[in-house]
Amino acid sequence: MPNTLTNLFQTKVVPGLVKHLQHGLTSAWMESNAIGVDYKGGKYITMHDIETDGLGNYDRQGGFPRGYVTGSKQTFEMTQDRGREFLIDAADNDETGFLYSAANVMKRFQEKHVIPEIDTYRYYKIYERINTLASSNVLAAAADDGIVDALIGDIASIKDKVGEVPLVVVMSGLTQAKFGTDFIRALDYVKFQNGDIYTKLKAVDGTPIQIVPSARLKTTFTTKDGTTGGQEAGGFVAGGDDIQWMILPKTGPIAVSKIDKVRVFTPEEYQDAYAWKTDYRVWHDLWLTQETANNSLIRKTSAG
């Protein structure tokens, strides 16, 4: 029975949870950069790195100059290993009702807790990496009366470094409000892919602006373990400085998230209460290279 229910939940509910998670994340576009990432199960992934020689002069007699391809692979651990178990009283649900109730519980759980936590962690991690690897690219927040010019100037400075590499502006919702009617009237729309969703975003000089709730754009981040006194409710705490905006190469941040196999136990099998039990576990993390840090820019409430 547990295997049957677990398999049923895995095939009928979990794919919807994965899609729901991706649709809710403002940072889902970063997972598109995980090309060539091998997931072997558990919390470990393998990334491949390939380098090639540059162009040389073609010789009419000797032909093409020989170039070499070098490759390497590294194993990385997803440091964020998070989970919860849920109980649904047996008196309220039979087998069919349990599946429906559990799906709704987990959908609500993802909306309220999982999506904000993953988003906030990713933006914090980007800030932490850039502040460590290229601290000169972390600047003080732009003044309200010159905010439009500051954004245009910041985008231009990064484009001067990277050329035609597509960029993304991640902007706080509070910062967006400071643009006033200019954000609606003066900016054009561009097509943008966030995960498997195509949408239209406002853009400056062709650079899309992804608006993010200001509570998710912070410079400190701490998780709660869910068991220690005062941390029973779980979740996370984000604080520090407010991030005004980030300008990032679209192909720069590499993010991965994996929902583990969801297990199901019947009231007869679960011994601590007469209830249905199911659990939820997700691994996730983000990586950002020195090159990406060099070609990014962040403005926050205070520099340093």
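**Exercise 1. Decide whether Gln244 is buried or exposed in this predicted model, and find what surrounds Gln244.**

Solution. 
Step 1. Take the accessibility. Gln244 has a relative accessibility of 5%. The cut-off for buried is under 20%. Gln244 therefore counts as buried.
Step 2. Gln244 belongs to strand β11, residues 236–249.
Step 3. List the contacts, setting aside neighbours within four places in sequence. Gln244 touches Ala141, Ala142 and Ile147, and also Val170, Met171, Ser172 and Thr175. Arg299 and Lys300 complete the list.

**Exercise 2. Locate Asn33 and find which residues Asn33 is in contact with.**

Solution. 
Step 1. Asn33 sits in the loop between α2 and β1 (38–39).
Step 2. Its relative accessibility is 17%, so Asn33 counts as buried.
Step 3. Beyond four places in sequence, Asn33 has contacts with Lys250, Thr251, Gly252, Pro253 and Ile254.
Step 4. Check the distance to Ala255. Asn33 and Ala255 are 222 residues apart in sequence, but their C-alpha atoms are 7.2 Å apart.

**Exercise 3. Count the aromatic pairs, then classify the pair Phe86 and Phe109.**

Solution. 
Step 1. Searching the whole structure gives seven aromatic pairs.
Step 2. Take the geometry of Phe86 and Phe109. The ring centres are 4.9 Å apart and the planes meet at 70 degrees. An angle over 60 degrees counts as edge-to-face, so this pair is edge-to-face.
Step 3. Assign the elements. Phe86 is in strand β4 (residues 80–89) and Phe109 in helix α3 (residues 95–133). The pair therefore ties together parts that are 23 residues apart in sequence.
Step 4. Check burial. Phe86 is buried at a relative accessible area of 17%. Phe109 is buried too, at 13%.

**Exercise 4. Classify the pair Tyr124 and Phe221, and name the cluster that holds these two residues.**

Solution. 
Step 1. The centres of Tyr124 and Phe221 lie 5.9 Å apart, with 20 degrees between the planes. The pair is stacked.
Step 2. Tyr124 lies in helix α3, and Phe221 in strand β10 (residues 218–223). The pair therefore links parts that are 97 residues apart in sequence.
Step 3. Phe221 is buried, with a relative accessible area of 11%.
Step 4. Widen the view. Tyr121, Tyr124, Phe221 and Phe236 make up one aromatic cluster.

**Exercise 5. Find which rings Lys191 and Lys202 lie over.**

Solution. 
Step 1. Lys191 is over the face of Tyr198, 5.0 Å from the ring centre.
Step 2. Lys202 has its charged end over the ring of Tyr189, at 4.3 Å from the centre.

**Exercise 6. Describe the largest nonpolar core: its residues, and the elements that supply them.**

Solution. 
Step 1. This core has 25 residues. Phe9, Leu21, Phe98, Met106 and Tyr280 touch the most other members.
Step 2. At least two residues of the core come from each of α1 (2–12), α2 (14–24), β4, α3 and β14 (275–287).
Step 3. Helix α3 gives the largest share, eight residues.
Step 4. Look for another core. A second, separate one has 22 residues, among them Met30, Val138, Phe192 and Leu288.
Step 5. In soluble globular proteins, nonpolar side chains tend to be buried together.

**Exercise 7. Summarise the whole protein, and find where confidence is lowest and highest.**

Solution. 
Step 1. Count the elements. The protein has seven helices and 15 strands.
Step 2. Take the dimensions. The C-alpha trace spans about 75 × 60 × 35 Å along its principal axes.
Step 3. Take burial and surface. Of the 304 residues, 43% count as buried. The accessible surface is about 16200 Å², and 50% of it belongs to carbon and sulfur atoms.
Step 4. Take the contacts. Among those with a separation of 6 or more, 75% join residues 24 or more positions apart.
Step 5. Judge confidence. The average pLDDT is 88, and 93% of the residues score at least 70. Strand β2 (residues 44–52) is lowest, at a mean of 69. Strand β15 (residues 297–300) is highest, at 98.
Step 6. Apply the caution. Where pLDDT is low, predicted coordinates should not be read in detail.

Terms used: Residues are numbered from 1 along each chain as its sequence is written. This is a predicted model: local features need pLDDT of at least 70, side-chain atom pairs count only at pLDDT 80 or more; totals for chains, interfaces and linings use all residues. Side-chain values use heavy atoms; hydrogens and water are left out. Rings of Phe, Tyr and Trp (its six-membered ring) pair if their centres lie within 6.5 Å; planes under 30 degrees apart count as stacked, over 60 as edge-to-face and the rest as tilted. Helices (H or I, at least four residues) and strands (E, at least two) are DSSP runs, numbered from the N terminus. Buried means under 20% relative accessible area, exposed over 50%, partly exposed in between (1.4 Å probe, protein chains only). A charge sits over a ring if NZ of Lys or CZ of Arg is within 6 Å of the ring centre and within 35 degrees of the ring normal. pLDDT is the predictor's confidence in each residue, from 0 to 100. A nonpolar core is a set of buried Ala, Val, Leu, Ile, Met, Phe, Trp, Tyr and Cys residues joined through side-chain atoms within 4.5 Å. Contact means heavy atoms within 4.5 Å. Accessible areas come from the Shrake-Rupley method with a 1.4 Å probe; for residues, only the protein chains shown count as cover.
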